[in-house]
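The entries follow in the order in which I went through them.

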Amino acid sequence: EGDEIYVRLDDMNYGAMAEYVLCGIPEVAKKPSNISFSEAASIPLAGLTSLQALRRGGVKEGSKVFIPGGAGGVGSLAIQIAKKMLKASHVCTTASPGKGTEICDQAGADRVIDYRSEDFEKVLR
């Protein structure tokens, strides 16, 4: 019964494993139907980490952004936040070929550097 939700509990150092918890409405989000509860559980912390890093880095509309490790949890969310929310004009990232590159492309990266065969420092100059 009811909606499937996920939450980032405020003031919790290690999360919670409980059938029921008390939390505020701003902490709750509806779980997308196409992801599991395990996948949803990773979104709040990885998403918040991504958003904080991008904001502290001064990313804003029109920015060009380099996000290392774009195929990981934080990186793949950072690509999406930079492009869609903060309106960065160009997002470049690193990933392995194959699945890693595919994840970054699907997240919206403009350029994916194969860190195994390309020197990202040279590419970014």
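I began with the lining of the second largest pocket and, keeping in mind that the model is predicted, sorted its residues into four nonpolar, five polar and one charged. I then noted which elements give two or more residues to this lining, and found H1 and helix H2 (73-85). For the second largest pocket I recorded about 290 Å³ of space, and I listed its lining residues, among them Ile 35, Glu 39, Ser 42, Gly 72, Ser 76 and Gln 80.

Next I turned to the largest pocket, for which I wrote down about 610 Å³ of space. I counted 19 residues in its lining, with Tyr 6, Val 7, Leu 9, Ala 16 and Ala 41 lying nearest its centre. Strand E1 (5-7) and helix H1 (37-56) each supply at least two residues here, and I noted that H1 gives the most, with six.

I then looked up the open sheet, whose three strands follow the order E3-E4-E5 with parallel pairing. I marked strand E3 (64-67) and strand E5 (111-114) as the edge strands, since each pairs on one side only, and I noted that neighbouring strands are turned by 20 degrees against each other on average, direction ignored. E3 and strand E4 (residues 90-95) pair over four bridges in the parallel sense, and I found Phe 66 opposite Cys 92 in E4.

How values were computed. Residues numbered from 1 in each chain as written. Predicted model: local features only at pLDDT ≥ 70, side-chain atom pairs only at ≥ 80, totals over all residues. Heavy atoms only, no water. Pairing = 2+ DSSP bridges. Axes fitted to C-alpha atoms, helices over the stretch in contact; angles between N-to-C directions. 1 Å grid on protein atoms, 1.4 Å probe; cavity = no way out; pocket = protein on both sides within 12 Å on 5 of 7 lines; lining within 4 Å. Points joined across faces, edges and corners; volume = space filled by probe spheres on them. Nonpolar A, V, L, I, M, F, W, Y, C, P; charged D, E, K, R; others polar.
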